[in-house]
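Here's a quick tour of a model, written to be read with the structure open beside you. Have a look around first, then follow along.

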Amino acid sequence: KAGLPPTHPKLLDWLASEFMEKGWSVKAMHRSILYSQAYQRSSRNVNPEAEKLDPENDFLWRQNLRRLEAEAIRDTFLSISGTLNPSMGGRGFFPHLAGEVLAGASRPGLDWQQSTVAEQSRRSVYAYVRRSMLVPELDIFDYSNTTSPLGERPVTTVAPQALLLLNDPFIHRQASVFATRVQRETSSPLVDDLIIKAYQIALGRAPRSRELKVAHRFFDQQVRESSVIQSRFSFRPDVPSSLSVGYMDQLKPSDFLVGPLNGWTYHRGNWSASYEGISSVERLRGPFALWQGVDFTDGILEADLIMDRAAESASILFKSHVKGTSQRGYEVCLEPRQHRITLLRQDDKPVTLAHVESSLPVLKNIKLRIECNDSRIRVWMEDNKIPIIDFVDSLPPFGVGKIGVRAWGAPVSFDSLTVRTLDQFYSVKIDDSETLTGTRSMSSSQRRGLESLCLLLLNLNEVIYVD
C-alpha cells in the first residue's frame with residue numbers, strides 16, 4: 001500500500017492468466033510482450049495531446065528510450081567490430097585490466113590470468129569479475145552488484161560514461177578493428193560510401209542526408225587535424241608499480257609498455273625481489289623500448305615530445321644495450337613533478353651524472369637535443385644556444401648501442417625523433433598498418449579520420465532508439 005497503484009491492472013491480470021495457461025513459459029511471455037503494438041511503438045514524441053495528458057508515459061502511448069545494460073554495450077562493440085567470439089559454455093575468460101585498475105587492489109594481479117585475444121572477445125556473460133577489480137567498461141554502466149542479490153539494476157547517466165567511451169583503450173581497439181572492417185567491405189574509394197557502410201554496420205540503416213553531411217564534415221576535420229600529427233607515436237605504461245609475481249610472469253614485455261611494434265623491442269625493466277609474492281618496479285629502471293632501426297654511437301638526437309598530465313617521467317635512451325631485462329647505457333630523464341632533467345648512466349645500478357632544475361610543461365611540445373661525442377654528452381632544450389647539461393664521463397663511455405624510450409606514470413608521445421651521425425640521417429617512423437586482402441589503401445590521416453568516425457558510431461549504440 002505504500003507504492004503507486006498499477007496503471008494497467010486488467011493488463012496485469014491478463015498477462016498472469018496467459019503465463020499460467022502457456023505452461024509458465026517465460027519465453028512465451030517475452031514473445032507476447034515483444035510482439036505487442038505497445039512494445040513496438042516509436043519513441044518519438046510527436047503527439048502533443050498525449051504529451052500534455054501523460055508526460056510521464058504511464059499509459060504507454062510511446063516507447064521509452066532505454067540505455068543498454070553493461071554487458072550488451074560491450075558485446076555490441078565486439079559484434080560491430082566483427083571480433084565477437086560466439087563460442088558458448090566452458091571456462092570463463094579474464095578481461096584485460098589496465099594498470100590503473102590493477103593498482104587499486106591490495107595485491108595487484110594476484111590470481112588473475114591473461115586470456116588470449118580470442119577468449120577476451122567472448123560475450124561478457126563469460127567474464128570473470130572480482131569485486132576489488134571490476135572491468136571499467138562494465139562497472140561504469142551499472143554492472144550487477146557483486147556483493148549481494150540485486151533484483152533490478154539502477155540506470156544512471158553520468159559524465160564518466162561518456163569520457164570512458166571516448167578514451168578507453170578497449171573502445172579504441174574496437175573502433176580501429178571496425179574501421180578495418182569498413183575498409184574491407186567497401187569497394188568504392190568515396191568517403192560517402194565509407195560513411196554509409198559504417199552506418200549500416202553500426203546502426204543497421206543508412207545515414208539520413210543531414211547525418212551524411214555532418215559525418216563527412218567530421219571526417220574531413222579529423223583528416224586535417226591528423227595530417228599535422230601523422231608521424232606521432234606514443235608509449236604508454238600499462239602496469240602498476242607493484243605486481244603479483246605470478247601475474248607478472250604471464251605478461252609479455254610489450255604488455256608492460258604499450259607502443260608501436262614494428263621495428264621496436266620491449267623489455268620489462270628491473271623489478272625488486274618478491275616480498276610475499278609481490279614485486280615492485282625500480283622507479284628509474286622501469287619498462288623500456290629500443291628502436292632497431294639504427295646503431296648509434298656518436299651523433300645528435302633530436303626529439304619533439306609531449307608528456308601526459310599524469311606523467312611521472314619520460315626518458316630518451318641512447319648507446320643502450322640489453323642485459324637480462326634491464327638496460328645498460330645513457331639516459332636523459334625528464335621528471336615534470338620534480339621539475340628536473342637528469343643525465344643517467346645505467347649499468348649495474350643507475351648513476352646520476354648531471355641534473356638541472358627545469359620547468360617541464362605537460363600536454364605541450366618539448367624540443368630536446370642530445371649530442372654525443374665520445375665521452376662528452378650535451379643536452380639542449382627548445383632553441384637555446386647554450387646546453388643545459390654539458391658533461392664528460394670519466395668512466396669508459398658505452399660503445400655502439402640502440403636508442404630507445406622509457407615512460408612511467410602516463411603516456412609520452414613523439415611528433416618526431418631523428419638521429420644524425422657523421423654521415424647519415426635517420427627519422428623514426430611508425431608503420432603498424434596491416435596488409436589485409438580486400439582492404440583499399442588509405443593515408444594515415446584518412447585512417448585516423450575513419451577511426452574517429454567509427455568511434456562515434458560505436459558510442460551511439462549506448463541507447464536503444466526505437467523509430
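Leaving out residues up to four places away in sequence, Arg337 touches Ala310, Ala311 and Glu312, where a contact means heavy atoms within 4.5 Å. Arg337 sits in the loop between β10 (326-335) and β11 (340-346). Its relative accessibility is 51%, so Arg337 counts as exposed; the cut-offs are under 20% relative accessible area for buried, over 50% for exposed and partly exposed in between, with a 1.4 Å probe and protein chains only. Pro48 is 289 residues away from Arg337 along the chain, and 58 Å separate their C-alpha atoms.

A word on what you're looking at: this is a predicted model, in which local features need pLDDT of at least 70 and side-chain atom pairs count only at pLDDT 80 or more, while totals for chains, interfaces and linings use all residues. Residues are numbered from 1 along each chain as its sequence is written, and side-chain values use heavy atoms, with hydrogens and water left out.

Now the whole chain. The protein chain has 14 helices and 19 strands, taken as DSSP runs numbered from the N terminus: H or I over at least four residues for helices, E over at least two for strands. Its C-alpha trace spans about 95 × 55 × 40 Å along the principal axes. Of its 467 residues, 42% count as buried. Take the contacts between residues at least 6 apart in sequence, and 65% of them join residues at least 24 apart. The accessible surface is about 25,300 Å², with 53% of that belonging to carbon and sulfur atoms; areas come from the Shrake-Rupley method with a 1.4 Å probe.

Next up is strand β17 (residues 412-420). Here 7 of the 9 residues are buried, so β17 is largely enclosed by the rest of the structure. Its pairings are listed below; two strands pair if DSSP finds at least two bridges between them.

| Strand paired with β17 | Bridges | Sense | Residues opposite each other |
|---|---|---|---|
| β2 (residues 233-237) | 3 bridges | antiparallel | Ser234 and Ser413 |
| β18 (residues 425-427) | 3 bridges | antiparallel | Arg420 and Phe425 |

With β18, β17 also makes a hairpin that has 4 residues between the two strands.

There's also an open sheet of 7 strands, paired antiparallel in the order β5-β7-β16-β9-β10-β11-β12. At its edges stand β5 (264-267) and β12 (350-357), each with a single partner strand, so one side of each has no neighbour in the sheet. From one strand to the next the twist averages 25 degrees, with axes fitted as lines to C-alpha atoms and angles running from 0 to 180 degrees between N-to-C directions. Inside the sheet, β7 (residues 288-296) and β16 (residues 401-408) pair antiparallel over 5 bridges. Phe288 stands opposite Arg406 in β16.

Finally, two loop residues with positive phi. Leu60 isn't a glycine, yet its phi is about 60 degrees. You'll find Leu60 in the loop between α3 (48-53) and β1 (66-67), and at 36% relative accessibility it counts as partly exposed. Asp374 also has a positive phi, near 60 degrees, without being a glycine. Asp374 lies in the loop between β13 (366-373) and β14 (376-381), and its 46% relative accessibility makes it partly exposed.
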